[in-house]
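Q: Hi! Could you walk me through this one while I have it open?
A: Happy to, let's have a look together.

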Amino acid sequence: MKLEDIMSKMSESTTASKALKCITAATEYGLFQDIIPFQDVIEGPGSSTRTVDLLKANKGSKALIVTDAMLVKLGVINPMLEAMDNANFPYAIFDGVEPNPSIENIEACFDTYINNGCNCIVAFGGGSSMDCAKVVACRVAKPNMPVIKMSRLMGYFPVTLTGDAKKVPFLAAVPTTAGTGAESTVAAVVSNHAIDKKVTITDIAMRPKAVILDASLAAGLPPRPTAETAIDAFCHCLEGYLNKSHNPRTDEYAIRGMRLIKENIEAAVNDGKNLTARQNLTNAAYFGGQVLNFEMTGYVHPFCHKIGAKYSLVHGRCIGAVLPIILEEYGKDVEKRLAKAGVLIGISDPYASESEQAKQIIAWIRDFDAKYGIAATIPEINEADFEEIADSIMLENIVYPTVTVFTREQIYSILKKIKG
Ligand SMILES: [Fe+2]
């Protein structure tokens with residue numbers, strides 16, 4: 001039976017279908033804005049040294065620091081650790097986070113938390129460390145629910161709906177790249193290697209309680225990952241802005257985020273130690289995360305999640321290639337909003353027609369890719385995998401308030417363009 005047939009059967013009467021429809025409707029009407037908890041935010045170069053103050057203020061007595069080995073080796077984490085040492089604040093370190101953490105990887109991190117008697121968590125790193133720490137925090141509240149179980153039914157609400165949100169330990173997020181916005185979002189992406197797929201786990205209780213936006217931590221990031229993370233953040237802002245769920249509050253985050261990226265990317269790539277440009281990109285990524293929370297993503301991310309997992313590709317590279325192709329496929333459905341965004345960000349000519357303005361922002365994305373070495377296509381995609389990839393995209397997109405719904409044939413045609 002084809003996925004379309006299964007989805008059509010689901011839509012007839014099942015509880016799962018009704019639940020998914022409620023989530024989609026709630027997103028479209030912006031209802032999540034009132035239930036997603038606020039975060040404490042500290043920003044500025046050097047602010048990671050203040051993490052310990054947040055832990056103390058929230059009754060932390062021993063922290064698990066969730067990070068990757070490279071950040072420890074390079075010493076990026078040292079200022080934060082030195083501040084914790086100076087304050088005699090105990091901690092354990094899990095520095096084994098893998099890129100796109102697997103279920104097994106997250107379980108190992110959870111074991112470290114339990115075995116060391118921790119009662120709070122610091123996520124220090126890129127999106128992978130954030131996602132790992134967020135799922136571990138939920139795992140603490142649900143000790144009998146392994147990650148594999150959380151990842152079923154598209155991962156929705158394993159903690160809050162069962163009344164266990166208060167058991168989630170205090171989690172502070174210290175991002176070291178400016179891209180995923182994972183420090184702000186209520187979701188985590190987990191790799192399930194058994195099915196070659198990235199699975200999203202979502203619960204408002206997994207949102208970090210505090211965020212430290214310290215641009216000095218990204219000062220050593222080379223130009224390519226700087227650009228790849230920036231285009232990812234740009235995409236979060238733009239996809240949300242174009243979705244049916246857009247609203248004035250989050251539109252502001254989206255436009256501010258995209259404008260900061262447009263105005264600062266060149267300076268950050270040319271001089272990684274330009275902390276003003278870095279801080280602006282870090283803040284932009286945070287705005288992108290806020291947009292994801294309230295407006296969700298469009299079709300670009302379902303394509304990139306599956307393609308990235310299937311062929312082990314960097315997320316930002318996939319985004320750079322897929323974003324302009326999807327925008328062109330949306331066509332008239334997004335022209336007005338795309339044109340408006342282009343003008344407000346300062347990319348599109350305010351005196352051009354809407355159609356021209358929309359084309360100008362797509363052209364700017366292609367120029368961005370070319371300028372910073374992001375390939376325009378993904379030749380690694382295998383045509384024999386189209387059916388499997390389309391299944392994943394159609395399933396993931398069920399809950400996203402996109403402006404249109406692509407048919408399977410359209411998805412195949414888009415995949416051909418992405419493959420190049
Ligand atoms: Fe993304």
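**Helix packing and overall fold**

A: Let's begin with a helix pair in this predicted model: helix 13 (residues 315-330) packs with helix 17 (residues 408-419) at an angle of about 140 degrees, their axes being 10 Å apart.

Q: How does that make helix 13 sit relative to helix 17?
A: Oblique: angles over 145 degrees would count as roughly antiparallel, so with this angle helix 13 is oblique to helix 17.

Q: And is the crossing of helix 13 and helix 17 left-handed or right-handed?
A: Helix 13 passes helix 17 in a right-handed crossing.

Q: Which residues make the contact?
A: From helix 13 they are Ala 321, Val 322, Ile 325, Ile 326 and Glu 329, and from helix 17 they are Ile 414, Lys 417 and Ile 418.

Q: Nice. What about helix 12 and helix 13, at what angle do they pack?
A: Helix 12 (residues 300-311) packs with helix 13 at about 140 degrees, and their axes are 9 Å apart. That makes helix 12 oblique to helix 13.

Q: Left-handed or right-handed there?
A: Right-handed, as helix 12 passes helix 13. On the helix 12 side the contact involves Val 300, Phe 303, Cys 304, Ile 307 and Gly 308. Helix 13 brings His 315, Cys 318, Ile 319, Val 322, Leu 323 and Ile 326.

Q: Switching topic: where does Leu 344 lie?
A: Leu 344 is in helix 14, which covers residues 332-345.

Q: Why is Leu 344 partly exposed?
A: Because 17 other C-beta atoms lie within 10 Å of its own, whereas a buried residue needs 20 or more and an exposed one has 12 or fewer.

Q: How far apart are Leu 344 and Ile 261?
A: They are 83 residues apart in sequence, and 13 Å apart in space from C-alpha to C-alpha.

Q: Zooming out, how many helices and strands does the chain have?
A: The chain has 17 helices and eight strands.

Q: Last one: how much of the chain counts as buried?
A: 50% of the 420 residues.

Note on methods:
Residues numbered from 1 in each chain as written. Predicted model: local features only at pLDDT ≥ 70, side-chain atom pairs only at ≥ 80, totals over all residues. Helix = DSSP H or I, 4+ residues; strand = E, 2+ residues; numbered from the N terminus. Axes fitted to C-alpha atoms, helices over the stretch in contact; angles between N-to-C directions. Parallel < 35°, antiparallel > 145°, perpendicular 65-115°, else oblique. Left-handed = near helix turned anticlockwise from the far one by under 90°. Contact = placed C-beta atoms within 7 Å.
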